[in-house]
Amino acid sequence: MSNIELSILNFIRDNLTHPILDGVMKFITFFGDAGWFWIVLGVALLFFKKTRKMGITVCFALLLNLILCNITLKPLVARIRPYDLAEGIELIISKPSDFSFPSGHTSASFAAAAGVFAHNKKYGAFALIFAFLIAISRLYLYVHFPTDVLAGAIVGAFCAMVSYYTFKAIFKKLA
């Protein structure tokens, strides 16, 4: 599987990279670093009564995602990064220090974005597009295999749905 995945990454690197796009992808991936953007969004949503339930969903989804993705799956699977398998790859970002599977940037992004989408389809669609761009940036930057990104999206969306339905049930009992 890694040969097919490396072929995909090499295709991106050989045919789609450009100095301007390098800067764009570095900028986009920055929003996924340590989930900071999504954490700020989730906390900001907590401050307004109209978006408080959405904020609770997003924050809890991010917490679940941290536990499932970063604390459990990454060390359990312990998959090395693609740049460690391919020779002559020079990264344009700092080398990540953790394992590759699943993509933490992608999983946190999809956890938050799907949490927003569960409450508001219009804003959620924008959030999901942004999450997708962050996921693509990880491939472009050669720091994740395609299956890392796919698994990250699935794990993140799963955490969002668990969060949404858990709090929907709690809010229903409190009402």
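The following exercises, each with a worked solution, concern a predicted model of a protein.

**Exercise 1. Determine the secondary structure content of the protein and how its overall dimensions compare with the globule rule.**

Solution.
1. The secondary structure amounts to 8 helices and 0 strands, in the order α-α-α-α-α-α-α-α from the N terminus.
2. The radius of gyration is 17 Å, close to the 16 Å that the globule rule gives for 175 residues, so the protein is as compact as a globular protein of that length.
3. Along the principal axes, the C-alpha atoms fill a box of roughly 60 × 35 × 25 Å.
4. Among contacts between residues at least 6 apart in sequence, 78% join residues at least 24 apart.

**Exercise 2. Identify the residues with the most contacts inside the largest nonpolar core, and the element that gives the largest share of this core.**

Solution.
1. Of the 175 residues, 43% count as buried.
2. The largest nonpolar core has 40 residues, and those with the most contacts inside it are Trp-38, Val-58, Leu-62 and Tyr-142.
3. Two or more residues each are given to this core by α1 (2-15), α2 (19-30), α3, α4, α6 (104-119), α7 (121-140) and α8 (146-174).
4. The largest share, 7 residues, comes from α6.
5. Leaving aside residues up to four places away in sequence, Trp-38 touches several residues, including Val-58, Leu-62, Ala-112, Phe-130 and Ile-134.

**Exercise 3. Decide whether Phe-47 is buried or exposed, and state which surface patch contains this residue.**

Solution.
1. Phe-47 lies in the loop between α3 (36-46) and α4 (52-77).
2. The cut-off for an exposed residue is over 50% relative accessible area.
3. Phe-47 counts as exposed because its relative accessibility is 62%.
4. Together with Ile-39, Val-43 and Phe-48, Phe-47 forms a nonpolar surface patch with about 420 Å² of accessible area.
5. For the protein as a whole, the accessible surface comes to about 9600 Å², and 71% of this belongs to carbon and sulfur atoms.

**Exercise 4. Examine the backbone at Ala-34, Ala-78 and Pro-102.**

Solution.
1. Ala-34, in the loop between α2 and α3, has phi near 55 degrees, a positive value in a residue other than glycine.
2. With a relative accessible area of 76%, Ala-34 is exposed.
3. Ala-78, in the loop between α4 and α5, also has a positive phi, near 50 degrees.
4. Ala-78 is partly exposed, at a relative accessible area of 32%.
5. Pro-102 is placed in the loop between α5 (82-85) and α6.
6. The peptide bond joining Phe-101 and Pro-102 is cis, with omega about -10 degrees.

Conventions:
Residues numbered from 1 in each chain as written. Predicted model: local features only at pLDDT ≥ 70, side-chain atom pairs only at ≥ 80, totals over all residues. Heavy atoms only, no water. Patch = residues over 30% accessible without salt bridge, like charges linked within 9 Å, V, L, I, M, F, W, Y side chains within 5 Å. Areas by Shrake-Rupley, 256 points an atom, 1.4 Å probe, with all protein chains shown as cover. Salt bridge = Lys/Arg side-chain N within 4 Å of Asp/Glu carboxyl O. Helix = DSSP H or I, 4+ residues; strand = E, 2+ residues; numbered from the N terminus. Buried < 20%, exposed > 50% of the residue type's maximum accessible area, 1.4 Å probe, protein only. Rg over C-alpha atoms; globule rule 2.2 N^0.38 Å. Contact = heavy atoms within 4.5 Å. Core = buried A, V, L, I, M, F, W, Y, C linked by side-chain atoms within 4.5 Å.
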